[in-house]
Amino acid sequence: MARFFATTAIAYVNDAPHVGHAYEAVTGDAICRWRRLAGDQVHYVTGTDEYGLKNQRAAEAKGIDPQRLADTNSARFREAADVLEVAYDDFIRTTDERHTRSVQRFLQVIYDNGHIEEGTYEGLYCVACEAYYADEEVADGNCPVHGRPVERMAETNWFFRLSRFEDQLLDWYERHPDFVVPTTRMNEVVAFVRSGLRDLSISRGTFSWGVPLPWDTSQVAWVWFDALPNYLTAAGYAEGDDSYRQLWPADLHLIGKDIIRFHAVFWPAMLLAAELELPRRVAAHGWLLVGGEKMSKTKLNQISPFDLVADFGVDAVRYHLLRATPFGSDGDISYEGIVARYNADLANNLGNLVSRVATMVDNKCGGIGPAPRPDSPLAAVSMEVAAAAAEAWDALAVSEGLEQTWRLVRQTNALLEAAEPWKAERGPVVDAVLGDSLEALRIVAVLASPAIPCASAEIWTRIGLDGSPCDERVPEATAWGGYPGGRRVTRAEPLFPRRKG
Ligand code: MSP
């Protein structure tokens, strides 16, 4: 069995989760659910990034201890993942004791390998990014990512000799052109490394909210040098032995486009310095925007995932997040947009199909579902859809995978509308059309389960099948003809009641 070790970025705990974080956690979850269907042994990790100046300052502003703020907000991130049905196997917190041990082991190996040296640094620092920028990157004194003033900082501390790894990194990118996806991001990364790398200041002596360096406990690790190794911690690196190798290297780091440099340049260099294997892929998604702008605390434009789930239900929120924006692009999220997609795809298309099929099986067939035809007109489109959806999911093209799946939903509704079984007496034609529709619903339940696991399981049960679509295996489960017939079909409340707005 192939294993699939996937991670999200770990979120800062300076604030509560917003729907941008939810987008990342749900996208990773859907990809992992697809891999489980494909038979992989999945290990999916998410968590929180709790040290550093940004988190410390947020705690100071509230007049509380940084650990307390971290505890409160980390719990909210975990709760958001739970509410969103994110099936994580591990939730890592950088203040976990296992993580301190892991970071210290990692730092010590790099130090022993001679890639960390003492030096002095002066530069422009953005606290929101927790990173230094070159003078030419800082237009009008503002951070290129956050547009907020940078601060001139000077310190004597420890440096990671990043500049030594330029050639090795460029060689790695050349040999692994899919290391970073989408390709546009890979090109940015290569251009950044080609422009020359500067050594990184990786420790701070000016505050103490961090992991102490094992050889100089007067300094704590720069937050990124402590955050990135969370992926190793999650693999079991803290144990101090080789057990982490069962999971490492990671198959997928799912991140937002704003932190690509950290994951595709700094992180691989750190791993090279520690003589560890590099992750197989870094996939950068776009930003969710509100009114065209990135969500932020200062703009008061954050949308809470808790509010959305309370309002629309978990499957509808997941579906919208996954379907609305092609992977890699930015997407605007609005209440009106969610309602429109909900009504079109979930209420009118899928929900209506489930209702009308169950009603007709009840009315015409005494509630017992007929078997599908092997030569159904839906068989060919179903096979096409299953193949195209699988290809899309494998390529992380999540919205495309769903678009393909909904082709089968629409074709099944079209078959019913053409045959009008509701007008006919029960007979072979009615049985055939209803059997075909039940089979299409079975296949849709499997293909849609990574996105809408609860509704898919509900459809599965309503058409009389045992177990859950999440426990099925593709491609077998999406081959035409699997619905056995003779099962009791349940007529129930609309799966996705239509919304007024
Ligand atoms: N703590 C760092 C990541 C360390 S990973 C070793 C961080 N935290 S964050 O809270 O700012 O962001 C966490 C993730 O959420 C990032 O991948 C980021 O791109 C993503 N998003 C934050 N806001 C987002 C949107 N508005 N839209 C989509 N994703 C967003 O960076």
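Predicted model: local features only at pLDDT ≥ 70, side-chain atom pairs only at ≥ 80, totals over all residues.

Q: Which residues line the second largest cavity, and what makes them lining residues?
A: Leu288, His320, Leu321, Ala324, Thr325, Gly331, Asp332 and Ile333 line the second largest cavity. Lining residues need an atom within 4 Å of a cavity point. Two elements, α11 and β17 (331-332), each give two or more residues to this lining. The most comes from α11, with three residues.

Q: How do you know how many residues of the lining of the second largest cavity are charged?
A: Asp, Glu, Lys and Arg count as charged. The lining of the second largest cavity has one charged residue, beside four nonpolar and three polar ones.

Q: What is the volume of the largest cavity, and which residues line it?
A: About 40 Å³ of space lies in the largest cavity. Its lining is made up of Tyr23, Thr27, Leu321, Leu322, Thr325, Pro326, Phe327, Leu396, Ala397, Val398 and Ser399. Helices α1 (19-37), α11 (314-324) and α14 (398-419) each give two or more residues to the lining of the largest cavity. That lining divides into eight nonpolar, three polar and no charged residues.

Q: What makes a set of residues a nonpolar core, and how many residues has the largest one?
A: The largest nonpolar core has 93 residues. Leu321, Leu350 and Trp406 have the most contacts inside this core. Helix α12 (residues 335-365) gives the most to this core, with 13 residues.

Q: Which residues does Leu321 touch?
A: Leaving out residues up to four places away in sequence, Leu321 touches Val19, Ala22, Tyr23, Val26, Leu288 and Ile333.

Q: Why is Ala389 called buried?
A: Buried means under 20% relative accessible area. Ala389 has a relative accessible area of 0%, so Ala389 is buried.

Q: Where is Ala389, and which residues does Ala389 touch?
A: Ala389 is in helix α13 (residues 377-394). Not counting residues up to four places away in sequence, Ala389 touches Gly401, Gln404, Thr405 and Leu447. Ala389 and Gln404 are 15 residues apart in sequence and 5.6 Å apart in space, C-alpha to C-alpha.

Terms used. Residues numbered from 1 in each chain as written. Heavy atoms only, no water. 1 Å grid on protein atoms, 1.4 Å probe; cavity = no way out; pocket = protein on both sides within 12 Å on 5 of 7 lines; lining within 4 Å. Points joined across faces, edges and corners; volume = space filled by probe spheres on them. Helix = DSSP H or I, 4+ residues; strand = E, 2+ residues; numbered from the N terminus. Core = buried A, V, L, I, M, F, W, Y, C linked by side-chain atoms within 4.5 Å. Buried < 20%, exposed > 50% of the residue type's maximum accessible area, 1.4 Å probe, protein only. Contact = heavy atoms within 4.5 Å.
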